[in-house]
Structures are given as C-alpha cells and as structure tokens.
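Please take a look at the model below before reading on.

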Amino acid sequence: MYTEYLKKYLSDERYNHCVRTKEMAQKLCDKYNIDNIAVTAAYLHDIAKELSLDEMVKLLTKEDIKDACGMMNKNILHGLAGARLCEKLGIKDERIISCIKYHTFGKKNMSDIEKVVYISDAIELGRNYEGVEEIRDRVLKSLNEGIIYEIEHKVKYLFSNRKQIHPYTIEFYNTLLEENKW
C-alpha cells in the first residue's frame, strides 16, 4: 500500500534500506514473538528521511519540537517528521506512529515493537560499520542486551566525534538497564 509512495519519494538506496529494515524487523518479530505491526513501522521508518530540513520542520508539532530537545537537524527530525507524514497519509495506529517517531534516538520505556524498529534500522543487513556484526549477534541472543550494546557503541561514536547525544537515548539506555536489573 505504501510502496508506491516510498518508491516515488525516496532514492533507490533509501528505499532498499527500508526494505532491509523491514526484513530484519520480521526476523526479530518471529524470533521474539512480537506483533508484526513492527514490520510495517520498520518499512515506513525513513519515510521523511529525504525531505529538506525546512519540509521536516513544517510537519512538526509543538510536542515534536519539544521531543527534539533543541537538536534541529535532519538526523533527529526525520523520525519526528516521518510520524507526522504518516498521519497525513492516513495511518492512525499509534504504535506505528510512535515507532517511527522515536526510531533514531529512542525513549524511556519503549515497547518491544518500538525496540524492534529502533534496532532493525541499526543492524539491517546492508549496514557495515565497525561493530555491527557483534551487535547483530547480541540482538539475536537477547533483544535488550543487543540494544544496550548498540547504544554503548553509538554513544562512543558520538563522543569520539564530538556530536550531541539526545537525552532520550540516555533515558532509553537507563530504562533497559533497569529492565535487565544491571
């Protein structure tokens, strides 16, 4: 249903990433018995990724701007804008909207559906950054453990490149540690 839209507004490279993210989400949903709504959300997660910054900002609500925590760049905003774009396209399922909204930086108390979309984006089989194989292995042993490791990897990268860390990422990490009693 949304394939035509994605193929029209995304580059082939971005579209293929969405397909691979969907495939990874399906694998994780099957493994962990998680609702397949995550597969739909994974497919749509980057729907706004190739909009201009101005186009993204125009889609945002006051709540979205608050959730951006002052980080008004495309890497952060495309998830927030993507959630609003999906609403404009008629998607009413709040689980899908939330998955798309928080797929880049996470949030505290994420549902398993949201976790699947978050991590599937990071480890889909087209990703080839240093450490991705270890993250994939850990995710396939334990969803939460794999995500914890991915966040640690991401934060190290951001620190070493003097990039901002979204505060919700830290809250997400802390929640996962609490869930796992670490």
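A salt bridge here is a side-chain nitrogen of Lys or Arg within 4 Å of a carboxyl oxygen of Asp or Glu. The model is predicted, so local features need pLDDT of at least 70 and side-chain atom pairs count only at pLDDT 80 or more, while totals for chains, interfaces and linings use all residues. Residues are numbered from 1 along each chain as its sequence is written, and side-chain values use heavy atoms, with hydrogens and water left out.

The structure holds 17 salt bridges, including these:

| Pair | Closest N to O |
|---|---|
| Glu 179 and Lys 115 | 2.8 Å |
| Arg 138 and Glu 145 | 2.7 Å |

Glu 179 sits in helix α11 (residues 167-179) and Lys 115 in helix α8, so their pairing ties together parts 64 residues apart in sequence. Helices are DSSP runs (H or I, at least four residues), numbered from the N terminus. Lys 115 is buried, at 2% relative accessibility, and Glu 179 is partly exposed at 37%; buried means under 20% relative accessible area, exposed over 50%, and partly exposed in between (1.4 Å probe, protein chains only). The side chain of Lys 115 also has a 2.9 Å polar contact with that of Asn 144 (N or O atoms within 3.5 Å, one able to donate a hydrogen and the other to accept it; residues adjacent in sequence count only if both atoms are side-chain atoms).

As for helix α3 (residues 37-44), seven of its eight residues are buried, so the rest of the structure largely encloses it.

Conventions: Helix = DSSP H or I, 4+ residues; strand = E, 2+ residues; numbered from the N terminus.
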